[in-house]
Amino acid sequence: MKNGKTSQLMQKYSIFFVLLVMIIASTMMNPSFMSTRNMTNIAVQLAVATILAYGEMVLIVSGLLDLSAGAVLALAGVLSVSVYKSTGNMAMAFAVAIGVSVVFNMINALFVANFGLPAFIVTLATQMAARGLALLYTSGQNILQIGDYAFWGQGKIAGFLPVPVIFMIVATIIISYIMNQTRLGRSFYAIGGNEEAANASGINVIKSKYMAFLINGILVGIAGVLFMARVNAGLPNGAVGYEMEGLTAAIVGGTSFSGGIGTTSGTLIGSFIIGCLNNIMNLQGVDSYIQQVVKGIIIVGAVLYDVRFKNKKAPKVILKKKDEEEKKDDAPKAEAGA
Amino acid sequence: MKKFLASILVMAMAATALTGCGGSEPAAESGDGYKVAYIARAQSDSFAAWLANEMIRAAGEYEDITLDVFDGQADDAKENAAIENAIANGYDAIIVQPNNGEAQRPYVEQVVAAGIVAITTNSRIAGIEGASSVDADPYVQAQVNAEKAIEQVPEGAKVVVLRGPSGNFHADERLKAWNEVFFAARPDVQIVGDDYANWNKDEAMTLMEDWTLAHGKIDAVISMNDNMAAGALEVVKDNPEFDDMLAYGVDGTAEACLLIQDGLMTSTCLQSAIDLADLNMATVHKLLTGEETQIDTDIDAVLINADNVAEYVEMYKANGQITE
Amino acid sequence: MGSDVKLRVQGIEKSFPGVKALDKVNFAVRKGTVHALCGENGAGKSTLMKIINGIYKPDAGEIYVDENPVKIKDPIMARSLGIAMIAQELNFVPEMSVEENLFLGRLPADGMGRVNWREVRQKTEELLKNEGLPYKPTEKLKMLTTSDIQMLEIMKAISNDASIVVMDEPTSSITQKEVELLFKKIDILKAKGCAIVYISHKMDEVFRIADDITVFRDGTVVKSMRAEETNIDEVIALMVGRKMENVYPKEDLEIGEPLLEVKDLKSGQLFEDVTFHVNRGEIVGFAGLVGAGRTETMRCLFGLDPIDGGTVKVSGKEINIKKVSDATGAGMVMLSEDRRRYGIIPMRSVKENASLSALEKFFYGGRHHKQEEVDVVKKYFDKMSVKTPTLETPIKSLSGGNQQKVLLAKWMMRDPDVLILDEPTRGIDVGAKFEIYKLMTETAKAGKAVVMVSSELPELIGMCDRIYVMCEGHIAGELKRDEFSQEAIMMYATGTHNIIQD
């Protein structure tokens with residue numbers, strides 16, 4: 001059993017290694033990279049994208065996808081801000097943001113799970129609808145003077161721990177728990193890996209899809225509050241394309257687009273790889289166009305890694321080994337054979 | 001499956017149409033009165049959305065004008081299609097807010113060729129024979145800020161520049177004015193950060209966070225719009241080290257007025273959708289009634305700073321964008 | 001063997017990192033003969049065939065065609081040497097039409113690259129007509145049954161003017177009738193002087209058509225011999241390296257009260273009036289031609305497809321089956337016929353695949369009890385002799401037989417009352433087959449009911465207490481153990497029984 005764990009660790013380790021190399025290189029380039037303030041900056045900048053990335057990871061692992069995350073975030077956010085402005089009740093503001101986002105995700109789930117439409121098309125449609133509603137509701141204007149709402153995006157607990165980072169940490173723990181410690185997590189991997197086989201094994205595929213969208217909905221709703229609070233306004237045009245940031249982080253972090261593979265820790269590292277990359281390029285004053293080229297190369301590299309190593313047909317045992325050999329030998333890594 | 005897809009598309013179209021019309025009434029079929037089409041750049045752009053709303057309001061003040069608003073969805077092909085449709089639908093006048101001036105030029109020329117009154121606005125497409133234009137000049141809008149900045153920005157200052165989307169006409173014109181008016185006159189000023197924040201507050205925040213860390217104190221933020229200036233200010237607002245930092249924007253949004261009132265932002269230039277809409281309707285009315293045949297006009301570029309900000313805060317209070 | 005040797009391989013060696021797949025392999029195929037390769041899965045037969053087809057390069061050794069040394073770089077070169085391969089896995093594009101699939105990669109085109117569709121259509125129609133397949137050339141391949149697709153694959157290879165034809169398990173998913181058709185084709189090919197390499201686990205087929213037999217074990221050739229000089233027992237003994245006492249470990253058990261009772265089951269256009277029962281301690285077989293409704297019946301029973309009418313009772317209690325969990329909740333489990341489609345989650349570990357249907361045993365009290373999962377999975381793997389490098393190995397990298405045993409372990413973990421097995425031994429080696437038969441016997445011994453759907457009559461006859469034969473969506477007949485014979489089953493299955501009686 002030993003070498004399976006070793007190779008698994010190697011896989012996890014290698015993506016972590018990429019981040020480590022990047023951190024070391026960045027520190028050498030610019031000493032202030034490692035400063036507490038910069039680390040805090042990076043964490044805050046990444047909080048919203050990471051929370052969205054978790055939602056995308058859960059969905060992609062389950063063989064689904066959400067292209068509406070950015071738009072639903074904006075709609076949930078502006079409605080939440082305006083509820084807060086009129087009531088001053090933050091609990092209600094959170095409830096509205098999460099509620100709106102969950103409703104949209106349940107609509108996604110209905111069309112995807114019950115009617116069998118591809119998630120790509122359905123969420124593209126909800127993306128348009130949600131963005132349209134956000135603009136309609138605000139007449140395209142930013143909502144200003146949101147008062148203490150901004151605390152949830154800019155405030156710090158105990159004087160140093162930014163609120164969005166706390167949300168990110170809690171989300172990391174909860175998502176990691178769901179994916180590793182619950183039956184639901186196992187069914188996500190199963191339905192994304194082979195839906196028909198999962199169904200034939202007694203997994204409730206439809207319910208699992210609803211749950212995946214539900215989790216995404218809650219995350220997107222929370223991200224909506226954090227985003228609007230951070231920018232200290234209700235921006236109906238905000239967070240355009242944020243679903244792509246989340247998707248990218250998940251994929252860079254080793255989530256397989258074909259479903260069935262992906263981890264919380266990988267997604268977190270993927271998000272930090274992109275975040276650190278952005279950060280060091282800004283610190284060094286790298287030209288914006290070059291930044292985009294570099295990001296493109298990193299993403300292709302990550303997907304290449306994904307395809308070449310993660311999806312590689314695993315070793316096939318051709319020669320049967322004697323039991324004692326099996327115990328001490330390492331697993332044969334072979335091309336798909338025989 | 002196909003039926004579902006179709007119904008989703010219909011729903012999506014309905015949603016787009018809803019936002020697109022901005023609540024305007026359908027074109028009146030009556031023989032008297034003028035039918036005017038306004039083709040907006042994008043309803044998802046907050047200034048364009050504001051302008052569209054003001055256009056509807058301003059049109060309401062003319063009994064003989066019926067206005068329909070169409071959404072170009074920030075897409076040349078869609079905007080051009082909207083212009084062609086308006087020609088085909090027999091409007092008496094078509095006002096075009098270009099997405100990208102040169103891309104719409106041949107279509108505005110078609111409007112003129114069809115004998116329909118053509119106006120380009122915000123920003124104008126210059127030099128179309130027979131077409132009129134109403135604009136707020138983006139160059140001038142930045143220029144009024146830049147002229148003040150020459151005196152305000154301290155010797156040897158470290159400044160950062162926040163750009164709008166690359167290739168955007170307004171973004172490019174505003175930057176051009178800053179370069180020609182300010183940076184040319186002040187070679188001592190050092191640009192420590194210069195990047196695209198694409199009109200977005202959150203992108204400007206991320207850039208500013210990284211810049212303040214890399215370069216310490218920054219003396220001035222030169223932003224191509226108010227949204228991005230507000231983002232930069234959001235980052236440093238609680239940091240006493242940045243108390244005397246200067247910040248310039250353009251647009252004169254409600255948020256910028258509040259920031260100027262609070263002493264955080266230095267100045268902006270009002271691009272008043274109200275003025276622009278009023279001037280557009282006055283122009284289209286003159287052209288339709290035959291009072292004049294060709295007009296090129298601009299609204300004033302009004303500098304808003306601590307001296308006159310109270311007036312504009314009142315204006316935004318009146319339209320509900322600012323509350324007490 | 002003299003100058004009539006068409007294909008010879010000499011001293012072929014092939015290693016994959018950590019594994020020696022082939023070790024100094026020699027063998028030769030004569031013109032106009034069928035040379036059968038026997039061996040358990042993983043013995044190296046398919047690796048050798050892939051080398052001959054240019055998919056793998058050998059580490060050492062030579063290949064001779066017509067006694068001329070050749071280096072086969074890729075499948076295209078293999079094709080130009082007259083080598084045609086009928087793969088074990090079907091290589092078809094489901095969304096493309098029959099004609100497009102048939103001519104995939106070799107569409108006739110003119111100098112400009114324009115495809116001559118008229119020629120394609122004409123040739124396809126001709127082929128379909130000759131084979132008696134009721135499909136249009138424009139029909140999408142996904143509309144065809146597995147056995148028809150297999151026939152197409154065979155036709156495609158043969159229509160290539162090949163002089164060496166490699167068939168890797170060609171009969172694993174075709175009906176008896178089509179097997180006869182295939183054998184006729186092989187006779188024609190032999191007469192034309194083709195050399196045929198035939199890989200199969202089905203000993204009766206091998207002995208029917210093979211002229212020569214070579215047995216592989218653990219990457220080496222154990223023995224090459226003339227078919228008439230050996231017998232089934234010897235070949236099996238050579239394959240497994242030990243003497244097989246009995247191919248079918250059937251025991252006579254005491255039959256208890258009815259456990260599964262199905263009455264007048266009906267589903268749309270698929271089947272109707274299906275009534276049968278299975279008693280405790282009984283192994284009941286379902287025979288019939290492919291497409292007779294056996295798999296469809298089991299799928300409905302297991303909640304995979306909707307039931308339109310009829311009743312299902314387990315232990316005398318009527319159950320309403322709408323989804324899989326209704327069936328598993330009542331103590332039923334089913335091993336699907338299509339392992340890749342309905343069985344494995346390819347990229348997940350063998351452990352996760354094994355525990356998938358019994359998750360509640362390892363996830364309770366708000367957390368995952370990892371060690372319990374490992375222990376239980378290990379226990380079942382030991383019981384079923386699953387061979388896997390580690391518990392974390394993705395299941396897709398196991399051999400078919402081992403995958404099947406993992407899936408069986410998955411279902412046995414639920415401790416089922418009714419075990420339904422749909423083609424459980426398809427495409428797996430003799431050793432794994434034997435393990436599965438043993439498990440069936442043990443399950444019956446524990447007072448449970450076992451249902452086996454199979455197209456292999458010998459195993460049905462060898463393992464079952466009773467056999468139901470289905471024909472065109474109905475149960476055509478029921479046979480008791482003393483009435484078993486291939487002829488009796490085939491008569492019911494082909495619907496000729498009634499005609500004779502009338």
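Keep in mind as you look around that the model is predicted. Chain B has eleven helices and twelve strands, and its radius of gyration is 21 Å, close to the 20 Å that the globule rule gives for 324 residues, so chain B is as compact as a globular protein of that length.

**Chain B as a whole**

- Along its principal axes, the C-alpha trace of chain B spans about 65 × 55 × 40 Å.
- Of the 324 residues in chain B, 52% are buried.
- Take the contacts in chain B with a separation of 6 or more: 71% of them are between residues 24 or more positions apart.

**Strand 6 of chain B and its neighbours**

- Strand 6 covers residues 158-163 of chain B, and five of its six residues are buried.
- On one side of the pairing story is strand 7 of chain B, which runs parallel to strand 6 and is joined to it by six bridges.
- To find this pairing on screen, look for Lys158(B), which stands opposite Gln190(B) in strand 7 of chain B.

**Where the chains meet**

- Two pairs of chains are in contact, and chains A and C share the most contacts.
- Chains B and C do not touch, as their nearest C-alpha atoms are 17 Å apart.
- The contact between chains A and B takes 35 residues from chain B and 34 residues from chain A.
- Several elements of chain B give two or more residues to the side that touches chain A, including helix 1 (2-21), helix 2 (46-60) and strand 7 (190-196).
- Helix 7 of chain B provides the largest share of that side, with ten residues.
- Sorted by class, the side of chain B that touches chain A has 17 nonpolar, eleven polar and seven charged residues.

**A helix to explore in chain A**

- Helix 7 of chain A (residues 163-181) has 19 residues and reaches 26 Å from its first C-alpha to its last, close to the expected 27 Å.
- Buried residues in this helix include Val163(A), Phe167(A), Ala171(A), Ile175(A) and Met179(A).
- An α-helix has 3.6 residues a turn, so residues three or four places apart point the same way.

Technical notes:
Residues numbered from 1 in each chain as written. Chains lettered and ligands numbered in written order. Predicted model: local features only at pLDDT ≥ 70, side-chain atom pairs only at ≥ 80, totals over all residues. Helix = DSSP H or I, 4+ residues; strand = E, 2+ residues; numbered from the N terminus. Rg over C-alpha atoms; globule rule 2.2 N^0.38 Å. Buried ≥ 20, exposed ≤ 12 C-beta atoms within 10 Å, placed from the backbone. Contact = placed C-beta atoms within 7 Å. Expected span 1.5 Å × (residues − 1). Nonpolar A, V, L, I, M, F, W, Y, C, P; charged D, E, K, R; others polar. Pairing = 2+ DSSP bridges.
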